[in-house]
Amino acid sequence: PMQKREVRPDILSGRWELIGPGGGGRITAITTDPSNPQNVYITINVGGARRSQDSGQTWEIINRGFDYVNQGENAQRLADIAVHPARGNLLLAGGLNGTIYESSDSGEEWRVSYRHPAKQAVDFSKFAFDPSNPDVVYIGVGSIQRLILGVGARRSEDFWPRLREGPTIIRGRRADDGWKWEPVGSIAGETRAARGALFNVYSVAINSVSPDELFAMTERGLWRGVMEKDGTVRQFDPINEGLPTAEAMHGGKIIFDPHNRGTAYLSVLNLGIKQKEESLGGVFKSMDGGRTWQKLAGGLNQAHGNYFDLALDPKNPDTIYAAQFHNEITRARGNLHRSQDNGKTWTPLIDETQIASGWKQPDDVGPDFTNISPDGAIRWSVGGGILFQNENAAAPYRWRNILTKPAGGDRWSTAGSEAIALAKSI
């Protein structure tokens, strides 16, 4: 007869913590420490955060401290990671679950910094630091995961979560004991999601010339609000001049150029779901602080304007990058484009013949996100957790997959952060 085995009480009462590897997913953000370009961080939509301290040569999981007790495996569903512009040890991570985390030791430990009060599940978009005060940061509520990464959303066309209560724009202020969060405002209107009341906000930006002006790119176009003395925005007004109609703008990213006063860039995403008007998307530029816009051409793909991510070169004020990701509706091959003359002309940087590590670009694949490091490294992510970096300093670039490394033939070994791998046993 089988003997009854006693279960140790210290095991039952002990606290358990997920230590990795994360179990799959797509890269949702890439960022570099401005004070030390060797430190690179990424987030994965279901796998948490990764850190490299040698410019992408090796990687480590930095998921310790996420809220597994209340959220289970959802605690490591992340949308963005940001490094304080002046203090590289201070990190913020935005969750695809209504939670913001903060770290004061470069990601060694995390703690919950903010929980969104909405009763329904909400996702955070992207952080944006105030250019006049690095101790102030903004973030929007809107699911980039669904908008450009979610396979299920593409199949169901459920790109826009049903937001029914605010706030949808939140501000953080750094204090001695951590970040303090407060609502800024929400933009109400005719949302794309049934039973929704508030727009999904995919990016926010502060006008570097007028710090009281807050811009938000939403599921229905670009909006501008002026902050009151208490820091809130009572009313947002749509920005229309030079842009497609609000119906034709499904999301995008806005950034202000810190080197050129009043200059801003905007990516406009059009999924072509109803009118098949993908050409209405693209990259736009403003020279008057975001009030009027002009569409940029000069080498950008005008037929399929599914651009999302934009990045300014931190050391070259005339250089900007635009990532055109893949789109299953149009099956348009995307590319990473660079302009070295403030957006007048653009050059594609990705050639599949220059891709190392055995990767071949499918017809419907392009960069999701990109990051430009102060030391000249260019990184872009694509598909199932794949991250590339330029091997040589000058164009034409040769791109190397820096999350995996070849081990001969068809065999592969991880360099420390294979986002696709899922452990089955130990």
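Contact here means heavy atoms within 4.5 Å. Among contacts in the protein chain between residues at least 6 apart in sequence, 54% join residues at least 24 apart. The model is predicted: local features need pLDDT of at least 70, side-chain atom pairs count only at pLDDT 80 or more, and totals for chains, interfaces and linings use all residues. Residues are numbered from 1 along each chain as its sequence is written, and side-chain values use heavy atoms, with hydrogens and water left out.

**Chain**
- The protein chain has four helices and 30 strands; helices (H or I, at least four residues) and strands (E, at least two) are DSSP runs, numbered from the N terminus.
- Of its 426 residues, 57% count as buried, that is, under 20% relative accessible area (1.4 Å probe, protein chains only; exposed is over 50%, partly exposed in between).

**Sheet**
- Four strands form an open sheet in the order β21-β22-β23-β24, with antiparallel pairing; two strands pair if DSSP finds at least two bridges between them.
- β21 (307–312) and β24 (347–348) are at the edges with a single partner strand each, so one side of each has no neighbour in the sheet.
- β22 (residues 320–324) and β23 (residues 336–339) pair over four bridges in the antiparallel sense, and Ala323 stands opposite Leu336 in β23.

**Largest pocket**
- The volume of the largest pocket is about 1,300 Å³.
- A pocket is an open set of points on a 1 Å grid over the protein atoms alone where a 1.4 Å probe fits, with protein on both sides within 12 Å along at least five of seven lines; lining residues have an atom within 4 Å of a point.
- Grid points are joined across faces, edges and corners, and the volume is the space filled by probe spheres set on the points.
- The pocket is lined by 39 residues, of which Phe127, Phe129, Lys253, Ile255 and Leu312 are the closest to its centre.
- β9 gives the most to this lining, with five residues.

**Arg51**
- Arg51 lies in strand β3 (residues 48–52) and is buried, with a relative accessible area of 2%.
- Its side chain makes polar contacts with the side chains of Glu60 (2.9 Å) and Glu108 (2.6 Å).
- A polar contact is a pair of N or O atoms within 3.5 Å; within protein, one must be able to donate a hydrogen and the other to accept it, and residues adjacent in sequence count only if both atoms are side-chain atoms.
- Arg51 and Ile62, eleven residues apart in sequence, are 6.6 Å apart C-alpha to C-alpha.
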